[in-house]
2 protein chains.
Amino acid sequence: MSISPSLNPHVSVDCVIFGFSKETLRLLLIKRTVPNAITELDDSYYALPGDLVRDNENLDEAAARVLKELTGLTGIFLQQFQAFGDPLRITKAKDRAWLKGVRQDPDARVITVAYMALIESSKVEIQPGSFSKGAVWLPIGEIPELAFDHNEISDGALMALREKVQIQPIAFELLPEKFTMSDLQALYETILQRDLDKRNFRRKMLNSGVIAPLPEKQHGVSNKPARYYVFNRNLFENNQVGFVNLKMEGTFTLFN
Amino acid sequence: MSISPSLNPHVSVDCVIFGFSKETLRLLLIKRTVPNAITELDDSYYALPGDLVRDNENLDEAAARVLKELTGLTGIFLQQFQAFGDPLRITKAKDRAWLKGVRQDPDARVITVAYMALIESSKVEIQPGSFSKGAVWLPIGEIPELAFDHNEISDGALMALREKVQIQPIAFELLPEKFTMSDLQALYETILQRDLDKRNFRRKMLNSGVIAPLPEKQHGVSNKPARYYVFNRNLFENNQVGFVNLKMEGTFTLFN
DNA sequence: AAGGCTTAGTGTCAAACAAACACTTAAAAA
DNA sequence: TTTTTAAGTGTTTGTTTGACACTAAGCCTT
């Protein structure tokens, strides 16, 4: 209970950044950069973008800053989902070598608050800067071994996303402003990892009022052009929780 | 990015402990104790039980320790729900006075990881110790102004509970081993803050398989004795998320 | 012993929803 | 003109929801 400043852990934020392109859900990962590196580091060692929380900012601000420094984007969907604070988070030799490379005490404990971000991946323009040495979008099925406990964190984010998507209409954050019904269905299918019936899907989406059709259709496709839709953002601005509810197989609903 | 130990924030855990008695949902709050207090402190200033995270423990362990130190209980439902890290969390004069009383730097930043606990309140025996100076169960509708940002934290916990209860069968953690259907319904009604139809509730609960009837009934009540039920724990041990789903008014369900 | 009081426990019906299912249409390409 | 590709469309059957009111069982009172 007394003052012991040197024993305090470091506090960081890490961002699990989801995107959707080429029919797959992807994570934006960075290669760790080592300023004035002296150590031999495996270039293929990826990590979640993150940084220590600064004195003057709260956790959300720290996460938004990390996201902006990497992608240049602001105002995007960013939600805290879990804090990770195992004292043994940093044990891999590679991690310790890297920490020495950035002149951080490899024995210091780091507690991290993990965020998930949903962005339309085509908007991202990787910014020059400390993260920029090779940021890549990797399909969630092909994530290699990551730094620290970042595999655990990204797995947690994916689970959280799957849950959230069933409660709130947030999947749209991953699509461009206007999209076709097939785009939307493909997205839900990848997130939920199961096939959905086209006709039932369309009916439910339209009846729900979450999306609105545009007069515009696709052009120049070699098949029947699909209608574009937009997400009905104004309906959900007041962040109503429990409003949307996508039923999973085997669930049951209670109450009138 | 360099080593700056004295600027690191403190990291604590706080527990929002829910109980259910006399038909109301309650929080277990403590009066802050000030060892060798010199300051004038308002005795009615309550707080969530919490403590700094120790070097050798992870976040879950820290929360479990706090819970055990206060209630003597282990192995109870305890789930992290959010981290709070506003640099201005500690601004009230009372809070700063208290921090001085326990010889902690009132200007040091504290980031806290909040947990919610669900316990059968009759099991609790307040332990002698640093928390013991007046722990009380207060109805959630009658929570006074709390220390730090603890009102925000407990509000967050209540929202998280309301959401969770619709996804996982966790309400049972608040009831004794065996309970009547009316107990259960009253619990759901207080958590969700709305009336439920008796017949529909019973039908749904029984069809769902979450509870099983016992041969035993109430004795000595001055009306028709109610049957006891138990929660079907083995069905849910593998922590299946998305398995249970209690529909709220106005929701819609998607997908086959 | 009878009647009153209190809470437990039960069934049906109509409306909404879920799940399964196959063919036609529009455009470009061959 | 035919082929290829993906978009778009309805119906039926079974299940779930939600609304609704009376009887049953025990204790207490008189």
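**Close-up views of a predicted model**

**View 1. The end of chain A, residues 238-256, in a predicted model.** Over residues 238-256 of chain A, pLDDT stays under 50, although the model has 53 contacts beyond four places in sequence for this stretch. Where pLDDT is low, the predicted coordinates should not be read in detail. For chain A as a whole, the mean pLDDT is 85, and 83% of the residues reach 70 or more. For the complex, the predictor gives an ipTM of 0.89 and a pTM of 0.90.

View 2. Chain A contains five helices and 10 strands, and 29% of its 256 residues count as buried. Among the contacts in chain A with a separation of 6 or more, 70% are made by residues 24 or more positions apart. The domain assignment divides chain A into domain 1, covering 5-164, and domain 2, covering 172-236. Taken over C-alpha atoms, the centres of domain 1 of chain A and domain 2 of chain A are separated by 31 Å.

**View 3. The contact of domain 1 with domain 2 in chain A.** Where the two domains of chain A touch, 13 residues come from domain 1 and nine residues from domain 2. On the side of domain 1 of chain A that touches domain 2 of chain A, at least two residues each are supplied by β1 (10-21), β2 (24-31) and α3 (150-164) of chain A, and the largest share, three residues, belongs to β1(A). By residue type, this side of domain 1 of chain A is made up of seven nonpolar, three polar and three charged residues.

**View 4. K123(A) in its loop.** K123(A) lies in the loop between β6 (110-118) and β7 (135-139) of chain A. Is K123(A) buried or exposed? K123(A) has 12 other C-beta atoms within 10 Å, and because a residue with 12 or fewer is called exposed, K123(A) falls into that class. Although K123(A) and P176(A) are 53 residues apart along the chain, 8.8 Å separates their C-alpha atoms.

View 5. Why can strand β6 (residues 110-118) of chain B be called largely enclosed by the rest of the structure? Nine of the nine residues of this strand of chain B are buried, so the strand is largely enclosed. Both faces of β6(B) are covered, with V110(B), T112(B), A114(B), M116(B) and L118(B) buried on one side, and I111(B), V113(B), Y115(B) and A117(B) buried on the other. Strand β1 (residues 10-21) of chain B pairs with β6(B) in the parallel sense over nine bridges, whereas strand β5 (residues 77-84) of chain B pairs with β6(B) in the antiparallel sense over seven bridges. In the latter pairing, A117(B) in β6(B) has L78(B) opposite.

**View 6. V16(B) and the largest nonpolar core.** The bridge partner of V16(B) in β6(B) is M116(B). Leaving aside residues up to four places away in sequence, V16(B) touches L27(B), L48(B), A114(B), Y115(B), M116(B), I153(B), S154(B) and A157(B). The largest nonpolar core has 93 residues, and those with the most contacts inside it are V16(A) and V16(B). In soluble globular proteins, nonpolar side chains tend to be buried together.

Conventions. Residues numbered from 1 in each chain as written. Chains lettered and ligands numbered in written order. Predicted model: local features only at pLDDT ≥ 70, side-chain atom pairs only at ≥ 80, totals over all residues. Domains from an automatic or database assignment. Contact = placed C-beta atoms within 7 Å. Helix = DSSP H or I, 4+ residues; strand = E, 2+ residues; numbered from the N terminus. Nonpolar A, V, L, I, M, F, W, Y, C, P; charged D, E, K, R; others polar. Core = buried A, V, L, I, M, F, W, Y, C linked by C-beta atoms within 7 Å. Buried ≥ 20, exposed ≤ 12 C-beta atoms within 10 Å, placed from the backbone. pLDDT = per-residue confidence, 0-100. Pairing = 2+ DSSP bridges.
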